[in-house]
Amino acid sequence: MSQHAVRPTPASPTPPGGHLLEVRDLHVEFRTGEGLAKVINGVSYHLDPGETLAVLGESGSGKSVTAQAVMGILDTPPAHISSGEIRYQGQDLLGLPEAQRRQIRGRDIAMIFQDALSALNPVFPVGWQIGETLRQRLGMSRADARRRSVELMDLVQIPAASERLGDYPHQFSGGMRQRVMIAMALAMEPKVLIADEPTTALDVTVQAQIMDLLADLRRDLDMAMILITHDLGVVADVADRIAVMYAGRIVEHADVRSLYRAPAHPYTKGLLDSIPRLDQRGGKLSTIRGLPPNLMRIPSGCPFHPRCPYVQQVCVDVVPHDLVLDDGRTSACHFAQEVRDDRVS
Amino acid sequence: MTASASSTRVRGETILDVNHVVKHFPITQGVLFQKKVGAVKAVDGVSFQLRRGETLGIVGESGCGKSTLARLLMRLEKPTAGRATLAGQDLFAASGGELRRIRRNMQMVMQDPYTSLNPRMTVGDIIGEPFEIHPEAAPKGSRQRRVQELLDVVGLNPEHINRYPHQFSGGQRQRIGIARALALRPEVIVCDEPVSALDVSIQAQVINLLEELQDELGLSYIFIAHDLSVVRHISDRVAVMYLGRIVEIGTEDEIYDRATHPYTQALLSAAPVPDPDARDHRTIIRLRGDVPSPADPPSGCHFRTRCWKAQEICAIQDPQAVLRAADPHPSACHFAELRPTAT
């Protein structure tokens with residue numbers, strides 16, 4: 001455990017086969033009246049068929065913006081993709097005209113959102129909304145679309161689906177609305193499902209139901225899933241890999257077990273130490289000092305250095321590259337190895 | 001280290017005594033001649049005691065009535081029935097000057113630090129406003145100094161007294177809300193989801209602050225939250241609410257390690273645990289369906305429609321929150337027992 005091969009990498013490594021979805025060195029900025037906010041600063045990640053990648057971060061870390069860029073639903077202006085690539089099955093989505101982009105969005109990559117009440121149209125029945133995709137994309141007749149909508153509602157375990165087809169979103173409970181949105185996202189049998197805080201607005205017992213449903217669907221339909229969340233508990237339950245974001249960068253990227261066992265970035269370590277645990281009683285919580293940075297004035301060097309307990313002069317001067325540790329994890333910290341082993345020993 | 005301190009805190013005298021408090025919101029029909037056609041039973045007979053220096057956590061899902069309970073205690077809503085005393089004084093009968101004096105002793109911290117502070121007032125005015133209503137709490141000349149002291153107590157820079165709320169981050173705003181609650185030196189603070197709007201790294205700072213203040217000032221907290229881990233961390237005793245009633249109440253260990261009510265057990269099992277190794281040997285109790293409408297709660301035990309233990313008696317007889325044989329703490333279930341697989 002003492003000697004770890006650490007080598008700096010220029011960019012994310014690509015295997016010969018290629019990934020299902022790959023984001024490479026993405027930069028997104030928001031041009032606002034108050035100035036330029038650098039919201040995404042070189043994010044790279046990939047997703048393989050059937051796996052679950054969790055993107056974890058606090059508000060303003062850029063986790064949702066990255067997903068919106070992948071979906072092609074960024075509000076432009078103010079958001080602008082200044083550089084980078086988003087490849088789906090080898091094809092760069094950013095180079096595609098909108099008409100072709102639209103073919104991929106919804107059919108191959110679908111997304112569900114935190115707040116189902118505002119994501120659904122309040123003036124149409126849910127059956128009509130689920131069927132809309134089928135009629136538009138597949139040219140299904142109304143009767144066929146209706147039949148398929150009931151199947152989809154059954155798939156997401158909405159009881160008495162055929163009777164509820166004509167109900168409006170406000171007539172459903174929060175958990176049921178979330179199921180309606182999932183049914184809509186599944187209509188075209190996507191290969192990738194992006195779930196942006198799918199359970200944040202729900203109670204724990206309902207959250208457990210929805211996370212179960214997503215896990216079952218992912219397995220049965222062989223989808224890959226990107227789960228965007230701030231909740232370290234939800235991530236531990238479902239993810240294969242985790243990318244932790246801070247100030248528009250992925251600061252640590254690892255498989256879920258090694259990350260929880262021995263975080264290799266001080267920010268991840270700080271987050272894990274600062275959550276109260278259900279299986280542990282009181283005592284003082286350790287905290288991360290200070291506040292997340294203003295994205296218009298990101299600190300020099302490592303963006304986390306003003307809050308980092310291990311800060312050295314090099315952290316103020318030099319932007320850390322992603323260091324690849326021997327077990328294949330990456331961490332954007334000059335002292336990634338020391339941080340990780342501190343925990344191990 | 002603080003664990004031993006918290007166990008001694010529990011042995012205090014009762015400061016807040018709540019007895020069978022009920023709040024029904026009427027459902028009306030008609031425009032001109034409104035007639036009452038039903039009632040939303042938001043709080044349906046809640047009793048508990050809060051002791052001096054203690055934190056009572058109240059957990060439950062949305063719609064269980066926990067926030068209505070907080071508003072009743074603050075006299076922001078009028079109770080339909082019930083009795084409550086704060087330090088021996090009748091909370092619900094008081095009015096006018098007497099009510100104002102009682103209110104000095106009980107203050108509230110709200111959930112959303114973005115909407116609970118007036119954006120047009122400076123921080124100094126926000127924290128000093130209680131002194132306008134209770135001039136006897138601080139003489140006029142010393143108010144500015146007192147506000148600066150309060151800012152210092154909650155970990156903000158006293159020089160920022162003339163800033164506006166938008167110049168502060170979410171966590172700092174919650175500190176302003178706490179300073180305002182402390183201004184009148186109350187003995188009881190009702191915290192309604194005080195950290196749920198905050199990011200994880202900021203949440204820990206605010207929880208630590210609340211605990212430090214409790215140790216220094218001997219405060220008693222009613223701590224309402226839906227996050228079970230946060231409640232366990234901060235509470236000495238915990239009450240679990242479901243559809244307007246307390247279904248189980250006990251010390252932190254009794255609720256988290258020896259729960260006997262099926263709803264508490266399901267709630268605990270569903271809470272995500274930040275440990276991937278727990279994934280495989282954790283058994284989640286999966287509840288059917290959703291919480292029924294509080295306008296039309298099930299007969300007998302309110303939880304029976306989602307309960308896997310439900311028998312005929314559950315629909316007929318309303319279980320009381322009494323000590324049960326399985327573990328000696330109040331649990332409102334006819335079939336109260338420890339969870340067999342619990343380790």
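Guide: A residue is called buried if 20 or more other C-beta atoms lie within 10 Å of its own, exposed if 12 or fewer do, and partly exposed in between, with C-beta atoms placed from the backbone. This is a predicted model, in which local features need pLDDT of at least 70, side-chain atom pairs count only at pLDDT 80 or more, and totals for chains, interfaces and linings use all residues. Residues are numbered from 1 along each chain as its sequence is written, and chains are lettered from A and ligands numbered from 1 in the order in which they are written.

Visitor: How many residues of strand S10 of chain B are buried?

Guide: Six of the seven residues in S10(B), residues 245-251, are buried. Strands (E, at least two residues) and helices (H or I, at least four) are DSSP runs, numbered from the N terminus.

Visitor: Which strand is joined to S10(B)?

Guide: Strand S9 of chain B, residues 237-242, runs antiparallel to S10(B) and is joined to it by six bridges; strands pair if DSSP finds at least two bridges between them. B:Ala239, for example, has B:Ile249 as its bridge partner.

Visitor: And what lies between S9(B) and S10(B)?

Guide: Two residues lie between them in a hairpin, and B:Leu243 in the turn has a positive phi of about 45°.

Visitor: Changing topic, how many residues of chain B are in contact with chain A?

Guide: There are 35, in contact with 38 residues of chain A, where contact means that C-beta atoms, placed from the backbone, lie within 7 Å.

Visitor: Which helix of chain B gives the most to that side?

Guide: H7(B) does, with six residues.

Terms used. Contact = placed C-beta atoms within 7 Å.
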